[in-house]
Amino acid sequence: SPYEVLTTEISRGCRFKCDFCNFPVLGVKGDYSRTVEDFELEMRHNYDNWGVIQYNIADETFNDRTDKIEKFIPIINNLPFRPWFTGFIRADLLLTRREQWQLLEDFQMHGQFYGIESLNRPSLRSISKGFDPERIKTELLEYKHWKEARSPFRASISLI
């Protein structure tokens with residue numbers, strides 16, 4: 001039905017090797033994302049047959065590579081509808097790769113989930129994460145305001 005939210009996968013595996021993670025497919029190199037043609041077929045099929053426009057992205061880290069986001073934007077622009085995507089975004093990458101802000105907007109990634117390991121500096125050091133907790137808080141709020149000025153936006157944070 002049109003009101004349903006489906007799950008779609010863009011790529012598998014994680015390019016990172018976080019100290020605390022036991023995911024079996026870590027350290028992936030290269031582009032293991034699906035083809036744009038296959039992605040477009042799925043989007044059009046679900047819209048044409050059921051009117052579906054909302055999706056959860058099943059990616060370990062959707063914004064792990066800027067070129068992966070760029071790859072799919074032309075398809076989004078050619079769809080006969082405006083999709084709404086939700087997925088996991090690494091906050092540290094979002095904040096250090098500001099070019100992703102507009103790319104995620106163009107991709108229609110209006111729902112974002114951030115797994116923040118901690119906002120305590122000693123805890124972050126213990127798992128080899130050095131991103132400044134104050135910077136995370138300040139810049140995520142800046143991004144939130146930037147995003148809300150352009151489109152609807154929903155975000156969740158899970159403190160690990």
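Of the 160 residues of the protein chain, 45% count as buried, where buried means under 20% relative accessible area, exposed means over 50% and partly exposed lies in between (1.4 Å probe, protein chains only). This is a predicted model, in which local features need pLDDT of at least 70 and side-chain atom pairs count only at pLDDT 80 or more, while totals for chains, interfaces and linings use all residues. Residues are numbered from 1 along each chain as its sequence is written, and side-chain values use heavy atoms, with hydrogens and water left out. Here is a friendly tour, from the overall layout to some single residues.

**Overall layout**

- The protein chain has six helices and five strands; these are DSSP runs numbered from the N terminus, with helices (H or I) of at least four residues and strands (E) of at least two.
- Among contacts between residues at least 6 apart in sequence, 77% join residues at least 24 apart, a contact being heavy atoms within 4.5 Å.

**How the helices pack**

- Two packed helices are described by the angle between their axes and the distance between the axes. Axes are lines fitted to C-alpha atoms, for helices over the stretch in contact, and angles run from 0 to 180 degrees between N-to-C directions.
- Angles under 35 degrees count as roughly parallel, over 145 as roughly antiparallel, 65 to 115 as roughly perpendicular and the rest as oblique. A crossing is left-handed if the near helix is turned anticlockwise from the far one by less than a right angle, and right-handed if clockwise.
- For residue classes, Ala, Val, Leu, Ile, Met, Phe, Trp, Tyr, Cys and Pro count as nonpolar, Asp, Glu, Lys and Arg as charged, and the others, Gly among them, as polar.

*H1 with H2*

- Helix H1 (residues 36–50) packs against H2 at an angle of about 30°, with the axes 10 Å apart. That angle makes H1 roughly parallel to H2, and the crossing is right-handed.
- On the H1 side, Val36, Phe39, Glu40 and Arg44 meet Lys71, Phe72, Ile75, Ile76 and Asn78 of H2. The contact of H1 with H2 has five nonpolar, one polar and three charged residues.

*H2 with H4*

- Helix H2 (residues 66–78) and helix H4 (residues 99–107) have axes 9 Å apart and pack at an angle of about 30°. H2 and H4 are therefore roughly parallel to each other, with a left-handed crossing.
- From H2, Thr66, Ile69, Glu70, Phe72, Ile73 and Ile76 meet Glu99, Gln100, Leu103, Leu104, Asp106 and Phe107 of H4. By class, the residues of this contact divide into seven nonpolar, two polar and three charged.

*H4 with H6*

- The axes of H4 and helix H6 (residues 133–148) come within 11 Å and cross at roughly 40°. H4 and H6 are therefore oblique to each other, and their crossing is right-handed.
- Trp101, Gln102, Leu104 and Glu105 of H4 make the contact with Glu142, Tyr143, Trp146 and Lys147 of H6. Here the classes are four nonpolar, one polar and three charged residues.

**Residues to look up in the model**

*Glutamine 100*

- Glutamine 100 sits in helix H4 and counts as buried, at 0% relative accessibility.
- Its side chain makes a polar contact with the side chain of asparagine 63 (3.0 Å). A polar contact is a pair of N or O atoms within 3.5 Å; within protein, one must be able to donate a hydrogen and the other to accept it, and residues adjacent in sequence count only if both atoms are side-chain atoms.
- Not counting residues up to four places away in sequence, glutamine 100 touches Asn63, Arg65, Thr66, Ile69, Leu93 and Leu94.

*Glutamine 108*

- Glutamine 108 lies in the loop between H4 and S4 and is buried, with a relative accessible area of 10%.
- Its phi is near 75°, a positive value in a residue other than glycine.

*Tyrosine 114*

- Tyrosine 114 belongs to strand S4 (residues 109–116) and is buried, with a relative accessible area of 3%.
- The side chains of tyrosine 114 and glutamine 112 make a polar contact (2.6 Å).

*Tryptophan 84*

- Tryptophan 84 is in strand S3 (residues 84–88) and is partly exposed, with a relative accessible area of 22%.
- The C-alpha atoms of tryptophan 84 and valine 5 are separated by 9.3 Å, although these residues are 79 residues apart along the chain.
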